[in-house]
Amino acid sequence: MTDIKELLLSRIRDVADYPEPGVMFKDITPLLADPAAFTALTDALAEIAERTGATKVIGLEARGFILGAPVAVRAGLGFIPVRKAGKLPGATLAQAYDLEYGSAEIEVHAEDLTTGDRVLIVDDVLATGGTAEASVQLIRRAGADVAGLAVLMELGFLSGRARLEPALNGAPLEALLTV
């Protein structure tokens, strides 16, 4: 696992003062552009999906789509996008959540999750955990179980894990990298 961590870290670029002064943005686009690194990441996340017994993968808008879709294909599972409110046609389930400054809402197609599904949530970064926590609530409201949460990178200093662990109720939270 050390080799994959070194590979992934070597392909993540720090961008100072983005999107605002004082923020060090972790840019994963160099990782996505490197087929060996992107494949290693996809394989590692697919292994988590298999280990957790997931039957479906949810990707959180927007970078969770980029990571979650190939993970689902690699693991032989269905992929479900969780979108910002108003982006999905037809019947949806919605979940509101608080942000640092205001609130937001995410949605999923109501028919995409059913009782008996075990869902792995995939995203690029775990920061404060608000979107991930809302997705856990959305999955449970749809009648499905949360198999776990898998992210490329956890920003440990933002305490998202502490916020999420009670909501996950014993389901694993796995971060390939912690910064």
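Residues are numbered from 1 along each chain as its sequence is written, and side-chain values rest on heavy atoms, with hydrogens and water left out. Because the model is predicted, local features need pLDDT of at least 70 and side-chain atom pairs count only at pLDDT 80 or more, while totals for chains, interfaces and linings use all residues.

**Largest pocket**

The largest pocket holds about 1,400 Å³ of space. A pocket is an open set of points on a 1 Å grid over the protein atoms alone, where a 1.4 Å probe fits, with protein on both sides within 12 Å along at least five of seven lines. Points are joined across faces, edges and corners, and the volume is the space filled by probe spheres set on them.

The lining (residues with an atom within 4 Å of a point) has 36 residues, and R63, V125, A127, T128 and L155 lie nearest the centre. At least two lining residues come from each of β2 (24–27), β4 (78–84), β5 (92–99), β6 (102–109), β7 (118–126), α5 (130–141) and β8 (145–154). β7 gives the largest share, four residues. Helices (H or I, at least four residues) and strands (E, at least two) are DSSP runs, numbered from the N terminus.

By type, the lining has 21 nonpolar, four polar and eleven charged residues. Here Ala, Val, Leu, Ile, Met, Phe, Trp, Tyr, Cys and Pro count as nonpolar, Asp, Glu, Lys and Arg as charged, and the others, Gly among them, as polar.

**Helices α1 and α3**

Helix α1 (residues 2–10) packs on helix α3 (residues 35–52) at an angle of about 130 degrees, with the axes 10 Å apart. Axes are lines fitted to C-alpha atoms over the stretch in contact, and angles run from 0 to 180 degrees between N-to-C directions. The pair is therefore oblique, the class left after under 35 degrees (roughly parallel), over 145 (roughly antiparallel) and 65 to 115 (roughly perpendicular).

I4, L7 and L8 of α1 meet A36, A37, A40, L41 and A44 of α3, contact being heavy atoms within 4.5 Å. These residues divide into eight nonpolar, no polar and no charged.

**Backbone**

Most residues other than glycine have a negative phi, and most peptide bonds are trans. D17, in the loop between β1 and β2, has a positive phi near 60 degrees.

| Cis bond | Omega |
|---|---|
| Y18 and P19 | about 5 degrees |
| E61 and A62 | about 0 degrees |

P19 lies in the loop between β1 (13–16) and β2, and A62 in the loop between β3 (56–60) and α4 (63–75).
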